[in-house]
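Here is a short briefing to read alongside the model. Have the structure open as you go through the topics below.

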Amino acid sequence: MRKAVALTNERGWNGLVETPVILLTETIMTKYSTGDHVSWNSEAGRVSGRVIKVHTKDFDYKGHRRHASKETPQYEIASDETDHIAAHKETTITKIN
């Protein structure tokens with residue numbers, strides 16, 4: 001988690017008394033990042049590709065609603081062999097290289 005400090009004026013805009021206020025901004029930590037080379041098991045066997053998008057909120061994919069969260073992200077992956085893009089849960093992919 002990162003911290004950002006903002007200043008607020010207790011007595012108004014004139015700045016006579018300023019009090020620091022700590023604002024917390026959340027850093028999303030996922031196992032894989034955009035650009036990572038990963039593999040997964042498909043009907044055709046083991047396939048590899050690159051992560052092109054990380055989803056931490058529900059999203060629509062090929063006409064279906066996919067559920068994702070900060071705790072259970074999903075990844076869009078472009079295949080190395082074809083122009084296919086797949087969406088996978090974190091538990092189904094493995095980082096390679």
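**Salt bridges and the sheet**

Arg65 forms a salt bridge with Asp60, with 3.2 Å between the closest N and O atoms; the term stands for a side-chain nitrogen of Lys or Arg within 4 Å of a carboxyl oxygen of Asp or Glu. This is a predicted model, in which local features need pLDDT of at least 70 and side-chain atom pairs count only at pLDDT 80 or more, while totals for chains, interfaces and linings use all residues. Residues are numbered from 1 along each chain as its sequence is written, and side-chain values use heavy atoms, with hydrogens and water left out.

**Charged pairs**

- The search of the whole structure finds two salt bridges.
- (Buried means under 20% relative accessible area, exposed over 50%, and partly exposed in between, with a 1.4 Å probe and protein chains only.)
- Asp36 and Lys95 also meet through their side chains in a salt bridge, at 3.7 Å from N to O.
- Asp36 sits in the loop between strand E2 (18–25) and strand E3 (37–42) and Lys95 in strand E9 (residues 93–95), so this pair ties together parts that are 59 residues apart in sequence. (Helices, H or I with at least four residues, and strands, E with at least two, are DSSP runs numbered from the N terminus.)
- Asp36 counts as buried at 14% relative accessibility, whereas Lys95 counts as partly exposed at 49%.

**The five-stranded sheet**

- Five strands make an open antiparallel sheet in the order E8-E7-E4-E3-E9. (Two strands pair if DSSP finds at least two bridges between them.)
- Strand E8 (85–89) and E9 are the edge strands, each pairing on one side only.
- From one strand to the next, the twist averages 45 degrees. (Axes are lines fitted to C-alpha atoms, for helices over the stretch in contact, and angles run from 0 to 180 degrees between N-to-C directions.)
- E7 and E8 run antiparallel and are joined by five bridges; these two strands form a hairpin with five residues between them.
- Within that pairing, Glu76 stands opposite Ala87, and Ile77 has Ala86 as its bridge partner.
- E4 pairs with E7 in the antiparallel sense over six bridges, with Gly49 opposite Ser79.
- Five of the six residues of E7 are buried, so this strand is largely enclosed by the rest of the structure.

**Nonpolar core**

- Eight residues make up the largest nonpolar core: Tyr32, Val38, Trp40, Val51, Tyr75, Ile77, Ala86 and Ile93. (Such a core is a set of buried Ala, Val, Leu, Ile, Met, Phe, Trp, Tyr and Cys residues joined through side-chain atoms within 4.5 Å.)
- E3 and strand E7 (74–79) are the elements that give two or more residues to this core.
- Leaving aside neighbours within four places in sequence, Val51 is in contact with several residues, including Tyr32, Val38, Tyr75 and Ile77. (Contact means heavy atoms within 4.5 Å.)

**Two more sites to look at**

- Ser48 lies in strand E4 (residues 45–55), and residues up to four places away aside, Ser48 touches a set that includes His37, Trp40, Asp80 and Ile96.
- Lys70 is in the loop between strand E6 (64–66) and E7 and counts as partly exposed at 39% relative accessibility.
- Lys70 and Met29 are 41 residues apart in sequence, with 7.9 Å from C-alpha to C-alpha.
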